[in-house]
Amino acid sequence: MYDPLYTMKKVVILKIDSYDVDVIKDKVKKAIYEHFSFDSLFSPGDKILLKPNLLMPSNPDEAIITHPVVVSAVSKIFKEAGFEVCLGDAPGVFCGNKDLDSVYDATGIKKIAQSEGIQLLYPKESVVCSDIPLCWWACPDDLRRGDSKEEKFKMINMPKLKTHEIMVLTLAVKNLYGCISGLYKSRLHCLYPTTEKFSDVIVKLYKMIKPSLNIVDGIVALEGQGPAKKGTPRKVGIIVIGDDALYVDYVIGNFLNLAPGLNPLIKKARQLGLIKEEELEVISEIGDTKVSDFKFPNTFILNRVPPFVLVVLKLLLKFKPAVNYKKCKNCRMCEKVCPAAAISMDTGKVVIEYKKCIMCMCCSEMCPFGAIDVKKSFLLRLSDMLHKKRHPVDQDALIPTIKK
Ligand code: SF4
Ligand code: SF4
């Protein structure tokens, strides 16, 4: 018999103003026990895997990574409940243990892991086989090879609330891309170079990996030209918890006043019938408050253009990466991450071969010095300006019933 309660997706918005570990722990713990039935999600003996967003070596104050204090608070909740806690991520293009270790170190995660007794996970030679290759620790049970001796985990997906130059926002669903090891990430960018096709990959990942819970760090978010060094930290003051990553993203998009049709992932999920508003229950400490002036990346104008028009306009409405040589430190990171091998430094400085470039903006995302800008064509800038004048705030966002 159909039980509506069984299919309800819950999203809880907590108002939390600062990175105080005790406050975060108490509020998140209460929310998990009250709204998500801890005992039915987790069983004695489960190993808990925390999957934060650790995009690159970065100070938590830059709001590029999930704040270590949130990681610490969530770890304490599970440790106190008697669980073993591990942490894994496959940030950026980093594949080797040494690279990942430097990310754990620079982000403050290693220090937290040492004090909390969290086991840090590192890549292994092999990744689990499927048409989207995943890191061994992220592979769902039903995709494991029959003889797999790998440990199994219950995943707590812990994204950072950030903007993203291609996907507009990176939240719970996009954070699952960090379950793919570095080199494969680049390959997928090459195979699926458009936002539309890339959204297909991310939605596919969402269908494969089902975290037990998603806990989004939105206390200080990243707005503007996210998801890395060119973004701007912005205090938003929320932590969002949900049992379904897609619904979490949907609710946060609404909260940020982003129309669902302008968010490529939500648009794709709706086309596929994956979001049913009537199955969503939002429990919010902030009522129906919205952030009406959150700054999205200036590239997201392309999401407003229908695909058939885009075909005609794509020659005119262009953007491309452009190196700011005043900021560039010749570190070669962009050359290393470019999935299309479009960047070379043979002349001693960064040269982008635009014929090869697939506009994935990985170079911009991973540049440690924010030295790669998005250069827009005149028409794109003009269109952006006109849209901002006509629609200072997008009004067609939907907010489902909110329980206070
Ligand atoms: S990653 Fe940035 S700083 Fe490093 S070489 Fe490329 S543009 Fe220059
Ligand atoms: S140059 Fe930058 S935007 Fe172009 S393909 Fe390489 S990484 Fe992607």
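Touching, or being in contact, is said of two residues whose C-beta atoms, placed from the backbone, lie within 7 Å. The model you are looking at is predicted, so local features need pLDDT of at least 70 and side-chain atom pairs count only at pLDDT 80 or more, while totals for chains, interfaces and linings use all residues. Residues are numbered from 1 along each chain as its sequence is written, and chains are lettered from A and ligands numbered from 1 in the order in which they are written.

Stay with G231 for a moment. Its place is in strand β9, residues 231-242. Helices (H or I, at least four residues) and strands (E, at least two) are DSSP runs, numbered from the N terminus. Is G231 buried or exposed? G231 counts as buried because it has 23 C-beta neighbours inside 10 Å. The cut-offs are these: a residue is buried if 20 or more other C-beta atoms lie within 10 Å of its own, exposed if 12 or fewer, and partly exposed in between, with C-beta atoms placed from the backbone. H164 is 67 residues away from G231 along the chain, yet their C-alpha atoms are separated by 8.8 Å.

P227 lies in the loop between β8 and β9. Most peptide bonds are trans, and most residues other than glycine have a negative phi.

Now step back to the whole protein chain. You can find 14 helices and 15 strands in it. Of its 404 residues, 44% count as buried. Among the contacts with a separation of 6 or more, 77% are between residues 24 or more positions apart.

Together, β2, helix α4 (residues 68-80) and β3 make a right-handed β-α-β unit. Right-handed here means that, with the strands pointing away from the viewer, the path from the first strand over the helix to the second runs clockwise. Strands β2 (residues 47-52) and β3 (residues 84-87) run parallel and are joined by 4 bridges; two strands pair if DSSP finds at least two bridges between them. Within this pair, L50 stands opposite L87 in β3. On to β4 (residues 119-120): this strand runs parallel to β3, with 2 bridges joining them, and L120 in β4 is the bridge partner of L87.

A63 is not a glycine, but its phi is positive, about 60 degrees. A63 is also buried, because 27 other C-beta atoms lie within 10 Å.

Helix α4 itself has 13 residues and reaches 18 Å from its first C-alpha to its last, close to the 18 Å expected at 1.5 Å a residue; the expected span is 1.5 Å times one less than the number of residues. How many of its residues are buried? The answer is 10 of 13, so this helix is mostly covered. Among the buried ones are P68, V69, V70, V71 and F78. Their cover includes α2 (21-35), β2, β3, α6 (109-116), β5 (154-158) and β8 (213-224). Just after α4, G82 takes a positive phi of about 95 degrees.

Another helix to look at is α10 (residues 264-271), whose buried residues are P264, L265, I266 and A269. The elements covering them include β7 (168-170), α8 (195-208) and α9 (245-255). G273 follows α10 and has a positive phi, near 70 degrees.

Finally, visit the ligands. Around ligand 1 there are 13 residues, of which C328, C331, M333, C334 and C367 come nearest; a residue is near a molecule if its C-beta atom, placed from the backbone, lies within 6 Å of it. This shell has 10 nonpolar, 1 polar and 2 charged residues. Ala, Val, Leu, Ile, Met, Phe, Trp, Tyr, Cys and Pro count as nonpolar, Asp, Glu, Lys and Arg as charged, and the others, Gly among them, as polar. Ligand 2 is surrounded by 13 residues, and the closest are C338, A340, C357, C360 and C363. Its shell divides into 13 nonpolar, no polar and no charged residues.
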